[in-house]
Amino acid sequence: MAGIFAKQAASLLRPSLRISQAMRVNASPSMMRWLSNDTRVKIQNAVKEDPLVVFMKGSPSMPQCGFSRAVLQILQVQGVNTDKVATYNCLEDQELRDGIKEFSDWPTIPQVYINGEFVGGCDILLNLHQTGELETMLREAGLLLEATEHQQ
């Protein structure tokens, strides 16, 4: 299914943090494409529909960039329940690829949302993973498999 919001089933082995404005790249008005209201609503609905949403390049079974692959690996190591994850391939839809950057005010893909709130890209997720904050966030959001399920 191509086009905006071709939701993919996550195929990983099966509270929120807000990024400060100082960490975001603020585009000048001349650089913004002015996200259409229709696309904004679709993105808003997508990030609220599932507890964990990843906008990425490629699919979980075939990531098309190293950063997208790294995000999936971090989520796998954390023991995320893939039933609660939705991924969207930004390479399939130019409107989504451009729109998600403006929606989040974040210039790169992949982008991760937990419970409707933007967490960050690969670098932020890696840092949160290394400090242990990501596990806390995922646990509080009910996104982790139980220990016995994760070991199987």
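**Pro-51 and strand S2**

Leaving aside neighbours within four places in sequence, Pro-51 contacts Lys-84, Tyr-113, Ile-114, Asn-115 and Leu-143 in this predicted model. Pro-51 lies in the loop between helix H1 (37-49) and strand S2 (52-56). Lys-84, one of the contacts of Pro-51, is 33 residues away in sequence.

In S2, 5 of the 5 residues are buried, so the strand is largely enclosed by the rest of the structure. Both of its faces are covered. Leu-52, Val-54 and Met-56 are buried on one side. Val-53 and Phe-55 are buried on the other.

S2 pairs with two strands, S5 and S6. Strand S5 (residues 85-89) runs parallel to S2 and is joined to it by 5 bridges. Within this pairing, Leu-52 stands opposite Val-85. Strand S6 (residues 111-114) runs antiparallel to S2, with 4 bridges between them. Here Val-54 has Val-112 as its bridge partner.

The protein chain as a whole contains 6 helices and 7 strands. Their order along the sequence is β-α-β-β-β-α-β-α-β-β-α-α-α. Of its 152 residues, 44% count as buried. The chain exposes about 8000 Å², of which carbon and sulfur atoms supply 51%.

Technical notes. Residues are numbered from 1 along each chain as its sequence is written. This is a predicted model: local features need pLDDT of at least 70, side-chain atom pairs count only at pLDDT 80 or more; totals for chains, interfaces and linings use all residues. Side-chain values use heavy atoms; hydrogens and water are left out. Buried means under 20% relative accessible area, exposed over 50%, partly exposed in between (1.4 Å probe, protein chains only). Accessible areas come from the Shrake-Rupley method with a 1.4 Å probe; for residues, only the protein chains shown count as cover. Contact means heavy atoms within 4.5 Å. Two strands pair if DSSP finds at least two bridges between them.
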